[in-house]
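Here's a quick briefing on the model shown below.

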Amino acid sequence: MDRSAPAAPHIVIVGGGAGGLELATRLGDTAGRRRRARVTLVERDRTHLWKPLLHQAAAGTLGVDEAELDHLAQSSRHHYAYRLGAMDGLDRTRRLLRIAPTRADDGRELIPRRELHYDLLAVAIGSCSDDFGIRGVGAHAHRLDTPTDAARLQRRHLGTLHGWRRTLWLTLAQRIAHRVGPRVKLH
Ligand SMILES: Cc1cc2nc3c(=O)[nH]c(=O)nc-3n(C[C@H](O)[C@H](O)[C@H](O)COP(=O)(O)OP(=O)(O)OC[C@H]3O[C@@H](n4cnc5c(N)ncnc54)[C@H](O)[C@@H]3O)c2cc1C
């Protein structure tokens, strides 16, 4: 082993969405596989769903479980490391990425706060809907940025449809009752 050979650089990618996932996969398959670089993806979610599919998820024509990609499985197939967590700070002088504690749904801390040293950093954390401070938008508009938003929208639609169906049936029944007379009693 050549001890004077420089260590392989550590390439860190933050955000495993459309851009970051593609980059991590390609770098892993090339530089990572040949050990010319260590590649790490830092992503706050365990799975990825291609955003253009969110409409179908919201409409209920696509099961999210069928279409999403598991980050751990993808990383182990493509020669890069995956770290679950959300970046919440950056020290560019010391080349340190700060990762917030990872918590369970009930708030319990699963992985404590940590720092990750990088030689090269790619930040691909995407974007989300902005209400531009317009009053009422936050309270009345639906967001469609994540699978959670899609599931919420679907539940809301189903609730509304259920309400309409009930109203429709009641109106119809009332009309029939009106024609038939007092023999039919509605509750
Ligand atoms: C509903 C919808 C439909 C769309 N349809 C189309 C379409 O038909 N055609 C098209 O070309 N484009 C479409 N787009 C746009 C397209 O999805 C985006 O341009 C693309 O996803 C951007 O890729 P990205 O990698 O920059 O960000 P994203 O794909 O958004 O990925 C960002 C990733 O970063 C992660 N992340 C965020 N913050 C942190 C953090 N602090 N720490 C760690 N991880 C973090 C997120 O969890 C996410 O996985 C659509 C977008 C939406 C919302």
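The largest nonpolar core has 16 residues, and Val12 and Ala24 have the most contacts inside it. A nonpolar core here is a set of buried Ala, Val, Leu, Ile, Met, Phe, Trp, Tyr and Cys residues joined through C-beta atoms within 7 Å. This is a predicted model: local features need pLDDT of at least 70, side-chain atom pairs count only at pLDDT 80 or more, and totals for chains, interfaces and linings use all residues. Residues are numbered from 1 along each chain as its sequence is written.

**Core**
- Strand S1 (10–14), H1, S2 and strand S7 (96–99) each give two or more residues to this core, with S1 giving the most, 4 residues.
- Helices (H or I, at least four residues) and strands (E, at least two) are DSSP runs, numbered from the N terminus.
- Leaving out residues up to four places away in sequence, Val12 touches Thr40, Val42, Leu97, Leu116, Tyr118 and Leu121 (contact: C-beta atoms, placed from the backbone, within 7 Å).

**Ligand shell**
- Among the 23 residues around the ligand, Gly15, Gly17, Gly19, Lys51 and Gly126 come nearest (near: C-beta atom, placed from the backbone, within 6 Å).
- Helix H1 (18–32), strand S2 (38–43) and helix H2 (54–59) each give two or more residues to that shell, and H1 has the largest share, 3 residues.

**Positive phi**
- Arg35, in the loop between H1 and S2, has a phi near 60°.
- Arg35 counts as exposed because it has 9 C-beta neighbours inside 10 Å (buried: 20 or more other C-beta atoms within 10 Å of its own; exposed: 12 or fewer; partly exposed: in between; C-beta atoms are placed from the backbone).
- Phe132 has a positive phi of about 50°.

Methods: Contact = placed C-beta atoms within 7 Å.
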